Amino acid sequence: MNPGQQRRKGGKAHPPEWADGLKRLYDSVLDEPLPDSFAQLLEKLDDPSNG
């Protein structure tokens with residue numbers, strides 16, 4: 001078991017307290033819109049005529 005992890009009844013470990021905050025931060029980043037410049041770059045990379 002890693003430091004900071006505790007065991008619940010039944011022997012299952014649960015994540016540390018900060019894990020919920022990290023998950024919320026990650027989810028908020030996923031919800032951000034894709035910048036136009038990045039979308040344009042992806043379009044160029046997907047274009048078969050660019051070889």
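How many helices and strands does the protein chain have?

**View 1. Overall fold of the predicted model.** The protein chain has 2 helices and 2 strands, where helices (H or I, at least four residues) and strands (E, at least two) are DSSP runs numbered from the N terminus, and along the sequence the pattern reads β-β-α-α. This is a predicted model, in which local features need pLDDT of at least 70 and side-chain atom pairs count only at pLDDT 80 or more, while totals for chains, interfaces and linings use all residues. Residues are numbered from 1 along each chain as its sequence is written, and side-chain values use heavy atoms, with hydrogens and water left out.

**View 2. Confidence along the chain.** The mean pLDDT (the predictor's confidence in each residue, from 0 to 100) is 84 for the protein chain, and 76% of the residues score at least 70. Confidence is lowest in strand 1 (residues 6–7), with a mean of 56, and highest in helix 1, at 95.

View 3. Within helix 1, Lys23 and Asp27 lie 4 residues apart, about one turn of the helix, and they form a salt bridge whose closest N and O atoms are 3.0 Å apart. A salt bridge is a side-chain nitrogen of Lys or Arg within 4 Å of a carboxyl oxygen of Asp or Glu, and a search of the whole structure finds 1. Asp27 counts as partly exposed because its relative accessibility is 30%.

**View 4. Nonpolar surface patch.** Leu34, Phe38, Leu41, Leu42 and Leu45 form a nonpolar patch on the surface, with about 470 Å² of accessible area together, as given by the Shrake-Rupley method with a 1.4 Å probe, for which only the protein chains shown count as cover for residues. Patches are made of residues with over 30% relative accessible area and no salt bridge, like charges being joined within 9 Å and nonpolar side chains (Val, Leu, Ile, Met, Phe, Trp, Tyr) within 5 Å. Leu34 is found in the loop between helix 1 (18–30) and helix 2 (36–46), and Leu34 is partly exposed at a relative accessible area of 47%.

Conventions:
Buried < 20%, exposed > 50% of the residue type's maximum accessible area, 1.4 Å probe, protein only.
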